[in-house]
Amino acid sequence: MNYRFSGHESFPFRYAWLPKAIRGLRQNPCLFANDAEDEAMVSLGVGKNMVRSMRFWVQATGVAEPAAKGGLQPSDLGELLFAEEEGLDPFLEDIQTLWLLHWNIATQKDEPLFAWRFLLNDWQEPEFAEQGLLKAFEKEAERLSRKLSLVTLKQHFDVFLHTYVPTRGKKAEILEDNLDCPLTELELITAVGERDAGSHKREVVYAFRREEKPAITAALFSWALDDFWEKMHPKEKTLAAGLVATGVGSPGGGCPVW
């Protein structure tokens with residue numbers, strides 16, 4: 001399994017990024033080409049690292065896909081959500097859209113994001129904090145024969161965490177760099193306390209919110225189930241209830257907080 005630990009350039013995606021990127025790709029499929037970064041910076045109004053991060057997230061969320069002639073193009077989902085006049089949710093206002101984007105990020109099949117796959121499928125503890133989790137990351141990366149620095153693992157963990165946990169800009173600045181990822185609205189992860197981190201330091205303890213979530217409708221769950229079936233068990237004519245509830249990448253196992 002070719003897990004990804006980087007590519008997001010240490011940024012969770014921002015509210016404006018996905019619709020802005022889809023508008024740009026509709027006009028120029030080569031917007032995110034490596035040799036077009038300077039043009040993309042001007043067109044999108046962000047720095048070079050953010051251009052690369054936007055390229056990563058439009059694919060991770062499933063709103064863009066490789067085009068037949070090279071470059072990227074809006075996917076059917078991207079067009080459905082962000083089409084200029086008839087897009088269903090161009091400003092990411094519907095909580096079901098956010099759950100759907102979360103699902104796409106968390107259930108990558110060919111190149112899954114390591115932190116998402118590990119924490120949503122393999123982490124057995126009811127809580128987690130940075131120090132203990134980074135040790136677990138190191139151990140698992142070693143098992144996978146991946147030589148990764150602690151800096152890389154920490155950046156990857158930070159991106160995972162702040163995809164779902166709000167941050168505050170300095171002095172309450174309202175700048176795009178300081179805006180939270182829209183998936184913080186899911187309240188998927190909450191801070192539940194603090195613990196001693198040694199050297200007279202404290203660290204925040206987090207937990208997944210596991211109670212029922214009425215915002216996930218039967219239709220959305222059915223869509224996720226169909227997507228899981230197609231991705232993970234395309235040759236099966238039936239699926240056992242236990243597999244749906246606890247299997248890797250399932251609505252119950254791949255996203256246990258559903």
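## Helices H5 and H9

Helix H5 (residues 95-106) and helix H9 (residues 218-232) have axes that come within 11 Å and cross at roughly 15 degrees. An angle under 35 degrees counts as roughly parallel, so H5 is roughly parallel to H9. The crossing of H5 and H9 is right-handed. These values come from a predicted model.

On the H5 side, the contact is made by Gln96, Trp99, Leu100, Trp103 and Asn104. H9 contributes Leu220, Trp223, Ala224, Asp227, Phe228 and Lys231. Sorted by class, the contact of H5 with H9 has seven nonpolar, two polar and two charged residues.

## Helices H6 and H8

Helix H6 (residues 114-122) and helix H8 (residues 150-164) cross at roughly 65 degrees, and their axes come within 9 Å. Angles of 65 to 115 degrees count as roughly perpendicular, and H6 and H8 are therefore roughly perpendicular to each other. Their crossing is right-handed.

The residues of H6 that meet H8 are Phe114, Ala115, Trp116 and Leu119. From H8 come His156, Val159, Phe160, Thr163 and Tyr164. Seven residues of the contact of H6 with H8 are nonpolar and two are polar, with no charged residue.

## Helices H1 and H3

H1 and H3 pack with their axes 10 Å apart, at an angle of about 90 degrees. This pair is therefore roughly perpendicular. Trp17, Leu18, Lys20 and Ala21 of H1 make the contact with Met50, Ser53, Met54, Trp57 and Val58 of H3. The contact of H1 with H3 has seven nonpolar residues, one polar and one charged.

## Nonpolar cores

The largest nonpolar core has 63 residues. Trp57, Trp116, Phe128 and Phe137 are the residues with the most contacts inside this core. Helix H3 (residues 48-60) gives the most to the core, with seven residues. Another core, of five residues, lies apart from the largest one; among its members are Trp103, Phe228, Leu239 and Val244. Trp103 of H5 and Phe228 of H9 also take part in the contact between those two helices.

With neighbours within four places in sequence left aside, Phe128 is in contact with Leu119, Trp123, Leu133, Phe157, Leu161, Ile189, Val204, Val205, Tyr206, Ala207 and Phe208. Of these, Leu119 is also one of the H6 residues that meet H8.

## Arg117

Arg117 is found in helix H6. Residues under 20% relative accessible area count as buried, so Arg117, at 8%, is buried. Leaving aside neighbours within four places in sequence, Arg117 is in contact with Met1, Tyr3, Gln108, Pro112, Asp122 and Val248.

Arg117 and Asn104 are 13 residues apart in sequence, and their C-alpha atoms are 12 Å apart in space. Asn104 is one of the H5 residues in the contact with H9.

Glu9 has a phi near 60 degrees, a positive value in a residue other than glycine. Glu9 is placed in the segment before helix H1 (17-27). With a relative accessible area of 30%, Glu9 is partly exposed.

Ser199 is not a glycine either, and its phi is positive at about 55 degrees. Ser199 lies in the loop between strand S4 (189-198) and strand S5 (201-208). Exposed means over 50% relative accessible area, so Ser199, at 65%, is exposed.

Terms used:
Residues numbered from 1 in each chain as written. Predicted model: local features only at pLDDT ≥ 70, side-chain atom pairs only at ≥ 80, totals over all residues. Heavy atoms only, no water. Axes fitted to C-alpha atoms, helices over the stretch in contact; angles between N-to-C directions. Helix = DSSP H or I, 4+ residues; strand = E, 2+ residues; numbered from the N terminus. Parallel < 35°, antiparallel > 145°, perpendicular 65-115°, else oblique. Left-handed = near helix turned anticlockwise from the far one by under 90°. Contact = heavy atoms within 4.5 Å. Nonpolar A, V, L, I, M, F, W, Y, C, P; charged D, E, K, R; others polar. Core = buried A, V, L, I, M, F, W, Y, C linked by side-chain atoms within 4.5 Å. Buried < 20%, exposed > 50% of the residue type's maximum accessible area, 1.4 Å probe, protein only.
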